[in-house]
Amino acid sequence: MDAEFAIVGGGIVGLSVALGLLDAGRSVVVLDGGAADPKASRGNFGLVWLQGKGVAQPRYARWSKESADLWPAFAAMLQDVSGIDVGLRQTGGLDLHFDEETLAQAVAENECLKAELGSDYPYEVLRPDTLRVEEPEIGPRVVGAILHHGDGDVDPLALLAALSAAVRARGGRVVTGAKVDAIHPKAEGFHLHGDGVDLRAEKLVLAAGLGSAVLGPKLGFVAPLKPERGQLLITEKLPPMIRRPSLIARQDRAGGIQIGATNEDVGMDRRVTLDGMARLAADAVAAYPVLEHAQLLRAWGALRVMAPDGLPIYQESPTHRGAFLVSCHSGVTLAAAHAMRLPAWILQRADAPELEVFGETRFAV
Ligand SMILES: Cc1cc2nc3c(=O)[nH]c(=O)nc-3n(C[C@H](O)[C@H](O)[C@H](O)COP(=O)(O)OP(=O)(O)OC[C@H]3O[C@@H](n4cnc5c(N)ncnc54)[C@H](O)[C@@H]3O)c2cc1C
């Protein structure tokens, strides 16, 4: 055997799980595909975000909260092991509203979550006067906002670099340009093949993002994963002007204002469009009028990895024991739980978190 665990996919999800398994004393090889693959981990908005998550599935609200609570320790551990500061700022995040109706709906959803999570759900509704004290650049078109104190953001590319460096520092192997085409289950484990890939492992974790939709069914998973495009913009470096991230914009450590993101059902198309960019810019200027004169530097599109109900998938293959599918659409938020809690479930330890609602039986017709 080359390793106890092969992790297929070296994005945030695969690397977080790999790090956790290494911490549990397992040997791990991460196989990551080619540059042409869609990579949500390289194009995301970097939010560690709780508000509004899990309205239809309280376990998801609690799992996200668990991860957000673990984030400070996780970021410190990553810095310790990799030497990279991922720039975690967890001093609250804002959901800004331009009309009373959507604000009222968001309040109702957050009330639901608060009832579910009890006092452990620190959010408040900010009306314009208070909001502008908290966030002076917010413009008059914003009628109110939800401020959730557990929300925040990180530098997403630093996170990816830190995870990769930490996995290596902990003794894992990360092989890039290693696209897995075929996985042959054997009596004693799995034999993985592909261009430049020939690896035997006792167990495997399929964490290949949208690539899991191709490989998953061959291993007995449903893996009903679909792309959802998000377009994003970034401005020139500007003086500090946005204190807390919102779902419309966040200011990165270097001063750039990241604006995002669209939600589009356009298949595997990662291009940016004039219409998408114009909508993002218009919303950003409506929320923060000071951005009217900001220079845009770059725009990009990336594909979210979406299950039909938007929830994570954690499933051991019903046909090939020892193969696990791990997928989610909030891989930044859940990175801490994936590294610090999920490995106990994969290793089937007594302290495993309860994750049954995230299994694939929910897709049975
Ligand atoms: C626009 C946008 C904004 C987002 N904003 C946020 C946010 O603010 N907060 C948040 O929590 N989440 C956010 N997300 C979601 C987050 O980025 C994803 O949940 C996360 O990146 C998914 O990581 P992943 O490792 O599953 O997938 P990916 O990053 O797509 O990585 C999958 C990897 O698998 C590899 N691969 C594929 N097929 C194979 C194969 N056959 N063999 C080997 N390797 C293979 C690919 O090369 C790739 O590197 C956002 C996503 C998008 C697109």
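In what follows, helices (H or I, at least four residues) and strands (E, at least two) are DSSP runs that are numbered from the N terminus. The model described here is a predicted one.

**Backbone features**

A223 has a phi value near 45 degrees, which is positive although the residue is not a glycine. Because its relative accessibility is 4%, and buried means under 20%, A223 counts as buried. A positive phi in a residue other than glycine is also found at Q348, where the angle is near 55 degrees, and this residue belongs to the segment after α9 (342-346). Is Q348 buried or exposed? Q348 is exposed, because its relative accessible area is 53% and the cut-off for exposed is over 50%. The two residues are set side by side in the table below.

| Residue | Phi | Relative accessibility |
|---|---|---|
| A223 | near 45 degrees | 4% |
| Q348 | near 55 degrees | 53% |

Another backbone feature concerns a peptide bond: the one that runs from G260 to A261 is cis, with an omega near -15 degrees. A261 itself is placed in the loop between β14 (256-260) and α7 (274-287).

**Domains and their interface**

The domain assignment of the protein chain gives domain 1 as 3-80 + 156-224 + 309-363, domain 2 as 93-149 and domain 3 as 226-306. When the centres are taken over C-alpha atoms, domain 1 and domain 2 are separated by 32 Å. To the contact between these two domains, domain 1 contributes 11 residues and domain 2 contributes 12 residues.

How much area is buried between domain 1 and domain 2? The area comes to about 960 Å², and carbon and sulfur atoms give 67% of it. Of the area that domain 1 buries against domain 2, 52% is supplied by Q51, V55 and K65, which is more than any other three residues supply.

K65 also takes part in a salt bridge with D120, in which the closest N and O atoms are 3.4 Å apart. Across the interface of domain 1 and domain 2 there are two salt bridges, and three residue pairs are in polar contact across this interface. Sorted by class, the side of domain 1 that touches domain 2 is made up of five nonpolar, three polar and three charged residues.

How values were computed:
Residues numbered from 1 in each chain as written. Predicted model: local features only at pLDDT ≥ 70, side-chain atom pairs only at ≥ 80, totals over all residues. Heavy atoms only, no water. Buried < 20%, exposed > 50% of the residue type's maximum accessible area, 1.4 Å probe, protein only. Domains from an automatic or database assignment. Contact = heavy atoms within 4.5 Å. Buried area = accessible area lost by both parts, 1.4 Å probe. Salt bridge = Lys/Arg side-chain N within 4 Å of Asp/Glu carboxyl O. Polar contact = N/O pair within 3.5 Å; in protein donor to acceptor, adjacent residues only side chain to side chain. Nonpolar A, V, L, I, M, F, W, Y, C, P; charged D, E, K, R; others polar.
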